[in-house]
Amino acid sequence: MSVLKLDQVIEGDCVERMKALPEGCCDLVFADPPYNMQLRGELRRPDQSKVDAVDDHWDQFSSFDVYDQFTREWLTAARRCLKDTGSLWVIGSYHNIFRVGSILQDLGFWILNDVVWRKSNPMPNFKGRRFTNAHETLIWATKNPKQQYTFNYEAMKALNDELQMRSDWTLPICAGHERIKDANGQKAHSTQKPESLLHRVIVSSTKPGDVILDPFFGSGTTGAVAKRLGRRFIGIEREKVYADVARARIAEVTPADSDVIEVTRSKRAEPRIPFGWVVERGLLPVGTVLQGTRKHQTAKVRADGTLITANASGSIHQMGAHVQGLDACNGWTFWQFEMNGTWVPIDVLRQQLRSGLS
């Protein structure tokens, strides 16, 4: 039986190494596969200086058929490693992302979102024959359409200044002090991704302690961010020089304290608390008068956890809607009770009960 070693950089072919891992060993797969850029000749700036483009041997495939077979093999292996409740992120450019997406669907993955990473500082188009290529695409998917998966919606909203996080992310490319350099002062890896991108992926779709598998580990961005955020990782890298860079980089990372790596929980993930629990536990005695957002909106608490007004009775939500003449209402936030001379929402009592369950 395979022994799972976490927080390790495993050297070797990603497909073979993933086949050796235990089935269902990870909560998230983040994949930054070769893009198959199909570059023809050198790329130069107007001043004839050479552009440091992605022309590495590992990004070169003899045909689309060969690339598609490679994609099918690594996605199949990654699917086996992924828990049924896990999800997969894969990033690419126009060179490969459409082929990857098609194969991903053929293998039974269910696409949740495609996210556009809009680069705030993209490389310009030097020849002036095309639009400046200013974005890359991430696909977020699960193993099937009916499974549960982690999505920290409230955390993403908080990260975005209390606005819903959209599927277009404006972030800078990796540059400056974040760019890892080799002994000659050159880029240690030609396609190093910014930590801000991985931060957003990891916070959105994992919990502290979750295991993240990166089959194309490169310079170790996934591992560095995972370690800092209290997640575990498995990195697979074919090129020894990159694996060594990643190990050295991750060794320098200091994990954040455990009290700050938790994220804002989605309300849907919180335990359901019936209003009747509040009543039967004596937090609101039978007969307590509740008040709506306006003083004339009142109701009394009944023994069965319903409310009664002057001319109707029903749940906290039904009676909240009734006294306002609305079709629906969140009774937890609408109704208030008096506590120490101040009127506060009954939701305070729900949270009190939830804290006792956690």
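Ring pairs join Trp 89, Trp 140, Tyr 149, Phe 151, Tyr 153 and Trp 169 into a cluster; rings of Phe, Tyr and Trp (its six-membered ring) are paired if their centres lie within 6.5 Å, and planes under 30 degrees apart count as stacked, over 60 as edge-to-face and the rest as tilted. The model is predicted: local features need pLDDT of at least 70 and side-chain atom pairs count only at pLDDT 80 or more, whereas totals for chains, interfaces and linings use all residues. Residues are numbered from 1 along each chain as its sequence is written, and side-chain values use heavy atoms, with hydrogens and water left out.

A search of the whole structure gives 11 aromatic pairs. One of them, between Trp 140 and Tyr 149, is edge-to-face, at 5.6 Å centre to centre and with 90° between the planes. Trp 140 also pairs with Phe 151, here in a tilted arrangement with 5.4 Å between centres and 50° between planes. This second pair links distant parts of the chain, with Trp 140 in strand 5 (residues 135-142) and Phe 151, 11 residues apart from it, in the loop between strand 5 and helix 4 (153-159). Helices (H or I, at least four residues) and strands (E, at least two) are DSSP runs, numbered from the N terminus.

Buried here means under 20% relative accessible area, exposed over 50%, and partly exposed in between (1.4 Å probe, protein chains only).

Charged side chains meet rings as well. Arg 200 lies over the face of Trp 169, a member of the cluster, at 5.1 Å from the ring centre. Elsewhere, the charged end of Lys 119 sits over the ring of Trp 117, 5.2 Å from its centre. The criterion is NZ of Lys or CZ of Arg within 6 Å of the ring centre and within 35 degrees of the ring normal.

Turning to the whole fold, the protein chain holds 11 helices and 14 strands, and 44% of its 358 residues count as buried. The C-alpha trace spans about 80 × 55 × 40 Å along its principal axes. Contacts (heavy atoms within 4.5 Å) with a separation of 6 or more come, in 66% of cases, from residues 24 or more positions apart.
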